[in-house]
Amino acid sequence: VAQSVARLAITLAKTNKLSDIIMIGRTSESPLIQKIILSTQKVFGGNFIFPPEARYGSALGALASVEY
């Protein structure tokens, strides 16, 4: 699954002329998931970024979408 996610992200990033792919969510903090994604990056390109405390990225996005 991680390799499929990485390949899809790389394809979408290239289509939109983006170089960086920021991984958020709790799953992206898994060392095994990171290893698989980074090995996929070596083959297909892209620049994956795993920010510290990535698990809060989804919550921050949800908070930003709330209308006051």
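Alanine 9 touches Ile21 and Phe48, once its neighbours within four places in sequence are set aside. This is a predicted model.

Ala9, Ile21 and Phe48 all belong to the largest nonpolar core, which has nine residues. In soluble globular proteins, nonpolar side chains tend to be buried together.

Next comes the helix pair. H1 packs against helix H2, residues 31-44, at an angle of about 45°. Their axes lie 9 Å apart. An angle from 65 to 115 degrees would count as roughly perpendicular, and one under 35 as roughly parallel; H1 and H2 are therefore oblique to each other. Their crossing is right-handed. On the H1 side, Ala2, Gln3, Ala6, Arg7, Ile10 and Lys14 make the contact. H2 answers with Ile33, Ile36, Ile37, Thr40, Gln41 and Phe44. Seven of the residues in this contact are nonpolar, three are polar and two are charged.

Now turn to the loop between strand S1 (20-22) and H2, where glycine 25 sits. Its relative accessibility is 9%. Buried means under 20%, so glycine 25 counts as buried. Leaving aside neighbours within four places in sequence, glycine 25 is in contact with Ala54, Arg55 and Ser58. Glycine 25 and serine 58 are 33 residues apart along the chain, yet their C-alpha atoms are separated by 5.8 Å.

Note on methods
Residues are numbered from 1 along each chain as its sequence is written. This is a predicted model: local features need pLDDT of at least 70, side-chain atom pairs count only at pLDDT 80 or more; totals for chains, interfaces and linings use all residues. Side-chain values use heavy atoms; hydrogens and water are left out. A nonpolar core is a set of buried Ala, Val, Leu, Ile, Met, Phe, Trp, Tyr and Cys residues joined through side-chain atoms within 4.5 Å. Buried means under 20% relative accessible area, exposed over 50%, partly exposed in between (1.4 Å probe, protein chains only). Contact means heavy atoms within 4.5 Å. Axes are lines fitted to C-alpha atoms, for helices over the stretch in contact, and angles run from 0 to 180 degrees between N-to-C directions. Helices (H or I, at least four residues) and strands (E, at least two) are DSSP runs, numbered from the N terminus. Angles under 35 degrees count as roughly parallel, over 145 as roughly antiparallel, 65 to 115 as roughly perpendicular and the rest as oblique. A crossing is left-handed if the near helix is turned anticlockwise from the far one by less than a right angle, and right-handed if clockwise. Ala, Val, Leu, Ile, Met, Phe, Trp, Tyr, Cys and Pro count as nonpolar, Asp, Glu, Lys and Arg as charged, and the others, Gly among them, as polar.
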